[in-house]
Amino acid sequence: MLKIWSMKKEQQKAENAEGAAGGKKKKVTAAQLRVQKDLSELSLGSTMRTEFPDPDNILSFILYVEPDEGMYRGAKFSFTFNITPNFPHEPPKVQCREKIYHPNIDLEGKVCLNILREDWKPVLNLNAVIVGLQFLFLEPNASDPLNKEAAEDLRTNREGFKRNVRVAMGGGSVKGVLFDRVLK
Amino acid sequence: MASTTVYPGSEPARWKYLDRIRTRAGPFTDGDAYDGSMVAEAMENMTVLVIGAGGLGCEILKNLALSGFKNIHVIDMDTIDISNLNRQFLFRAEDVGKYKAEVAARFVEKRVRGVKITPHNKMIQDFDEDFYMQFQLVVCGLDSIEARRWINATLVNMVDEEVEDSYKPLIDGGTEGFKGQSRVIFPTVTSCIECQLDMHAPRAAVPLCTLASIPRQPEHCIEWAHVIAWDAEKPFPSLDKDDPEHITWLFKKALLRAQEFNIPGVTYALTQGVVKNIIPAIAATNSVIAASCCNEALKIASNCAPSLGYPNNNYMMYSGNDSIYTYTFKHEKKDDCPVCGNLARELQVDPAWTLGELVESFATRPEAQLKKPSIRAESKTLYMQSPVSLEEATRPNLDKTLVELGLSDGEEVGVTDPAFATVSFKFKLKFKKTE
């Protein structure tokens, strides 16, 4: 009798352990769920596309932008997106992978976009960031320069700046700096 | 006036004043239903978890021990730094380099007779739900939002509606300079830390372009050295904020830039402060907030007065910037909160189903009715309807069975659908037993 009782106990323990193991399964994190939601609502249009080096890790991807109007028309730019577990409390980290001639993007690929830094709010989403990036190519902004020379150039001589953008996009050098070829 | 009744677990002389509060019915106790005779014993049998043994944590441990709690655990992964000694009063100069949890536990045990404090020199993420089940109350004195979100999500996920003991009240204290807050969370019942995420103002960042072109303050020069000059010159392979050589490099860069723009005030100490994002910690703020947190702990444990949290106010903010100001209010629970608005629902599935069949089934299930669901597990993207590249990459999964995809019984999946812009769903897959 006693033996049956202790066997029953053992069995229960094993069952509980199984249940507990189920409880320890990895859970979808709040950041992942939010990124999943943002991605499924993304409206990229024809000028942009994403690439996921590891589709199982949606917190890290590349965005390609191919402006179809403005001074940067005809080229293809790419940005890395890295999202921390603190998203959406922290903005995504975005960097341009090519060396380009742009008043708001420096030679290291750092991007000066207000919502990527000082104006980020958790209610903003990935779509807002992507629209912001697209806008930088349509309307480079000389009053908030990250690349001071380029900004000065745009401010003082818009036509000259346009020519320099074409030269840089073709892989040429502007003011002694050699740029990456991004023309298609 | 003197009370002569001795209740179990109470040493009359020592706890005389505490017992006046916790054993007697008073204007704030719950009418005739209040029975103070068992409180002291109940508090002796409670196990309380304190997370963090830093500025707030030292205060909290001392306060809880002096409030009649006898079993306390404390988790902190940090070791003691010399700069902690001005306000983390459980530590002495000879303790520098030792674990905070360890030293704090021993100190309080030595000073408060009869209290047992168990230190854990680890990260909170090193423990699982079984560990957190043993506590009746969790008090946090943390400086990181990430850690708060983690413990919050863990406690919310642990709630089992049929098990009373699975509800662990969370008391959270936080300070930043002269400001602070304390709040009480009853997981799944009241608004949680994730609901209140917007209450944490992200650190005020300076626009990159200001750093790059028109610095006005010494901090701008330091940030410039930190985020722009460092990356451009890469003097060391990676930045170690605790390495004096690295900080010195940044300091010199910042100083040169400051001279160029005629900005005074760049010092080594300021450089260190800006780079490590140090906000001056003020001992008085810590003690005000810790007192408020422990007051809530005592109220929850003893029912001697209604606590913050339920059903009304759950958030107390404190500011000592201009004289003293406090405001207590109710932060509403968010229906679309990804943690508590959104508990994983069980979903009966057949492990032999293909993912395609599962996705289809969401359209017809009354509890879901999703037309374009995207679905992911924690470390596996199962099927995403968009963007195009992810859809292409995950489309082959549709023909695989749930088992082939490595899913297991009890695993959690997240489901989103653009038709429900504000809501996402979590399901816990329950495998049908095969005959």
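Mentor: Start with B:Phe131, which counts as buried because its relative accessibility is 12%; buried means under 20% relative accessible area, exposed over 50% and partly exposed in between, with a 1.4 Å probe and protein chains only. B:Tyr132 is buried too, at 1%.

Some housekeeping: this is a predicted model, where local features need pLDDT of at least 70, side-chain atom pairs count only at pLDDT 80 or more, and totals for chains, interfaces and linings use all residues. Residues are numbered from 1 along each chain as its sequence is written, chains are lettered from A and ligands numbered from 1 in the order in which they are written, and side-chain values use heavy atoms, with hydrogens and water left out.

Now the rings themselves. Phe, Tyr and Trp (its six-membered ring) pair if their centres lie within 6.5 Å; planes under 30 degrees apart are stacked, over 60 edge-to-face, the rest tilted. Over all chains that gives 21 aromatic pairs. One of them joins A:Phe77 and A:Phe137, which are stacked because their centres are 4.3 Å apart and their planes at 15 degrees. A:Phe77 belongs to strand β3 (residues 77-82) of chain A and A:Phe137 to helix α3 of chain A, so this pair ties together parts 60 residues apart in sequence. (Helices, H or I with at least four residues, and strands, E with at least two, are DSSP runs numbered from the N terminus.) A:Phe77 is buried at 1% relative accessible area, and A:Phe137 is buried at 1% as well. Back in chain B, the rings of B:Phe131 and B:Tyr132 have centres 5.1 Å apart and planes at 85 degrees, so that pair is edge-to-face. Those two also belong to a cluster linked by ring pairs, together with B:Phe127, B:Phe135 and B:Trp150.

A charge sits over a ring if NZ of Lys or CZ of Arg is within 6 Å of the ring centre and within 35 degrees of the ring normal. In chain A, the charged end of A:Arg49 sits over the ring of A:Tyr64, 4.4 Å from its centre. In chain B, B:Arg257 does likewise over B:Trp224, with its charged end 4.2 Å from the ring centre.

For orientation, chain B is split into domain 1 (16-201 + 281-329), domain 2 (208-275) and domain 3 (345-431), with bounds from an automatic or database domain assignment. The C-alpha centres of its domains 1 and 3 lie 39 Å apart.
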